[in-house]
Amino acid sequence: MLYTSLVGGNSMEYKFTEIEKKWQQRWDEEKAFKRLEDPNKEKYYMLEMFPYPSGNLHMGHVRNYSIGDVIARFKTMQGYNVLHPMGWDSFGLPAENAAIERGIHPDTWTNSNIDTMRQQLKGLGLSYDWDREVATSSPSYYKWTQWLFLQFFKKGMAYKKISSVNWCPSCETVLANEQVVNGGCERCSAQVDKKELEQWFFKITDYAERLLQDIDKLDGWPEKVKIMQQNWIGKSEGAMVNFTIEGTEEKIAVFTTRPDTIYGVSFMVLAPEHPLVLELVKGTEYEEAAKEFRKKAEHMSEIDRTSTEGEKEGLFLGRYVINPMNGQRVPLFIANYVLMDYGTGAVMGVPAHDQRDFEFATKYNLPIIPVIKPKNDEIDIDNLDRAFEAEGIMINSGPFNGLDNQEGIAKIIEYMEEKGIGESKVNYRLRDWLISRQRYWGAPIPIIYCDKCGTVPVPEEDLPVILPTDVKISGKGNSPLATSESFVNTTCPECGAAAKREVDTMDTFVCSSFYYLRYTDPKNDQHPFEMDKTKYWMPVDQYVGGVEHAILHLLYARFFTKVLYDMGLSPVDEPFSNLLTQGMVLKDGHKMSKSLGNTVSPEEIIAKYGADTARLFILFAAPPERDLEWSDQGVEGSFRFLNRIWRLVTESINEIHIDNMVDTGKLSSQDKELRFVLHNTIKRITNDISQRFNFNTAVSALMELVNAIYDYREKCKNGKLNNAVLSDAITCLLIMLAPFCPHITSELWEMIGREDSIHDQKWPQWDEEALVKDQVEIVVQVNGKLRDRLMISTQATKEEIEKAALGLDKIQELTSAKDIVKVIVVPKRLVNIVIK
RNA sequence: GCCGAAGUGGCGGAACUGGCAGACGCGCUGGACUCAAAAUCCAGUCUGGCUCACACCAGGUGCGGGUUCGACUCCCGCCUUCGGCACCA
């Protein structure tokens, strides 16, 4: 044997550091978790969201990866061919900040972080196939990010348009929303402006309807995530109507979900950024005010602007528009609560039936014209104190009066289409995905601009477009790549003339939108992934990650999968069959953060108690989808439990006979009781892990089993101990604990004389026979209050149970002077006697 | 603000389909072992009342209502805390 056993001499201490090192080394050398396609085995793809290599593992990672590891190991023991990969989402802002603040190159910083964190992950004993490791910042990966961009471009799914970014005038740089604090720059506090730039977008809106419809396919996703995605896509049905600007031929298109209220329009509002605004006020007395108003609105966050609580501010533009339904002339405003990004950036104001319009009209003294009245006349429709937004009957609406408003919607749209003033329209809240980033540390967008040929994609054979190293990362200016002359200046792939490269890089969400596909074929340098591989492994059977990704990452990944499916590159159109969104790790009720000084480092915990204890605690302390409160004392409790198991096995080593089979014909009552607890535990844990992911209750069940084994040993001290029963219980205990605590169980497995690996064992099956009890306790209630209990045969009929309950002394006492109205009998549970 | 969650002992949590509220663990109290301590083991631990004690009685799952023989669980209305809000990942 290559490895010396740690049980030597007299020491029976649980030496977790040595044990963990020994097994981790062995798994590494043996590549114990390397997996290939195997057509004879059913596959299971277990995936956890890959981390950003920030420098050190934190408790959130430990939680995420411990959950994934339990599932992966459990599924392996159930006989599946389990793919369990790990990698790095290694492009991003912090690497650039490190470069600016400490002068380290992002590449150096990132790679050293990856090395540290890989070691830390290995220190947790996670069952990854490390041969599949990917890093999105490596050229061999971002080559495919770029290649996929080109495919999107060819399909017309990637396009450029003007869009605004946060701009700090003092730092002269683009800021992420996160870097804007209370309207100011996080570094210098200068007030942040908006700047218009031409940027790349992916047409996710083309897929809005499918992304919405296919939510129905996601049976294994939490309802709350599905609802969040549905709301994010925000489908609404209504009409597009054209209002003409008085004195011109110009028309303003408006989207409304309530065409039935169009006769109630008393004003119209444009977003301050609407392209018509400056044109309309040019040279008028309103010009200055409008410009100023626009600037002010730009400084407001979208959250403040759309808040229904905030003050609605508007400005009259001195112009009027004509309501196409009745020819009515209504004033035109701009207002902060109208967003350019939603619909057409223009809103028809119907104060009687929309609360925001109501508030606006009240403030600016605009008429409130009711056009829907409630069916029951409960509300005085001519003197509203707030908008009436419910269903009703149409009034003041010319030929449509008297119609039910739902019917009115259809009739009005029909009329508009006939007259050419409007049409039926479905609108989505979802906007196209802006992927351009004015940053260095990302995948360069593979586009070349030629004076003659225009926008030319980089030929696929020239990929990857390598990130240059001669770049000044100063945190100033638009795009750092523009400072590298060797990068920017190139030749046009079509005509050979001098040309310039695109200097923006891609959003990191692009990189993380296909990594789960790349894992199936991570080393392929001819294709992003091959169908024979993706067909075997996809879809991901179980995806685990933080709930904070419920919308963006998960929606983008779904979008990518659908586009790739349509291109014939993916065998599935939904990437993740089952999703588990895990809660955060808190300390003292708050998220762990450096600024709060309440962090606990995984390394410290591992050094003090070992990885098995850390994993066990984090799985035991709370169910996975809930937030978890960190407790140092709780960790000690988990450590004590492992010590208790260590002692149980090492002290019983002479009684454990691994080859003995349990003879069910010769069992004492103690034997039967232990077997009942064992098989009940197997049943509970199997269900807890596979059906509910409630690892906390699974661990409790293991603790109860350990308590039961201790009890059994105590009770059978004087020679009554059945070695086979005890051995069976201990073996099953170790097997069931193995996915949670892989090191200690491996060590004990070896100590009881097994030469194979515990992680290759079959997951135990429970025996229903062992769970059959002859007697069961039944609760007896009177008027729903617990009054007594009785033991009765599990075979007893409802009548027998009722009779037994009514015969109890205590029940007789309580019921003798009263009328028994009803008796409810729930077999094996309770009897409730209703008296008067 | 909008969207989505969560609230149960001193603490983390359990109660799976409407059927014994508080499993399991932590902490605390008492005891055993020890010269002593640590470790370990045993017992107790929702609140109030009554009792030497066993028992018994009443109340109790954020707050206020409702449905039901029976509600932590279902319905209506609030309160508090947390997550997301499109350039953090």
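Buried here means under 20% relative accessible area, exposed means over 50%, and partly exposed is in between (1.4 Å probe, protein chains only). Keep that in mind for T173, which is buried at a relative accessible area of 9%. This is a predicted model, where local features need pLDDT of at least 70, side-chain atom pairs count only at pLDDT 80 or more, and totals for chains, interfaces and linings use all residues. Residues are numbered from 1 along each chain as its sequence is written, and side-chain values use heavy atoms, with hydrogens and water left out.

**The sheet**

- An open sheet is built from 4 strands in the order β4-β3-β7-β17, with antiparallel pairing; strands here are DSSP runs (E, at least two residues), helices are runs too (H or I, at least four), and numbering goes from the N terminus.
- Two strands pair if DSSP finds at least two bridges between them.
- The edges belong to β4 (173-175) and β17 (433-434), each with a single partner strand, so one side of each has no neighbour in the sheet.
- Strands β3 (residues 158-168) and β7 (residues 193-202) run antiparallel and are joined by 10 bridges.
- Helix α5 (residues 139-154) packs on the sheet and touches β3 and β7, its direction making about 85 degrees with that of β7.
- For such angles, axes are lines fitted to C-alpha atoms, for helices over the stretch in contact, and angles run from 0 to 180 degrees between N-to-C directions.

**The α22/α23 pair**

- The axes of α22 (residues 695-715) and α23 (residues 723-737) come within 11 Å and cross at roughly 160 degrees.
- That makes the two helices roughly antiparallel, a label for angles over 145 degrees.
- On α22 the contact (heavy atoms within 4.5 Å) includes L702, L705 and V706, and on α23 it includes V725, L726 and A729.
- By class, this contact has 12 nonpolar, no polar and 1 charged residues; Ala, Val, Leu, Ile, Met, Phe, Trp, Tyr, Cys and Pro count as nonpolar, Asp, Glu, Lys and Arg as charged, and the others, Gly among them, as polar.

**Buried spots**

- T173 lies in strand β4 and, leaving aside neighbours within four places in sequence, is in contact with N166, W167, C168, G475, K476 and G477.
- N64 belongs to helix α2 (residues 59-77) and counts as buried at 7% relative accessibility.
- Not counting residues up to four places away in sequence, N64 touches E48, M49, V544, G545 and Q582.
- Helix α19 (residues 611-620) is mostly covered, with 9 of its 10 residues buried, among them D612, R615 and F617.

Definitions and conventions:
Chains lettered and ligands numbered in written order. Parallel < 35°, antiparallel > 145°, perpendicular 65-115°, else oblique.
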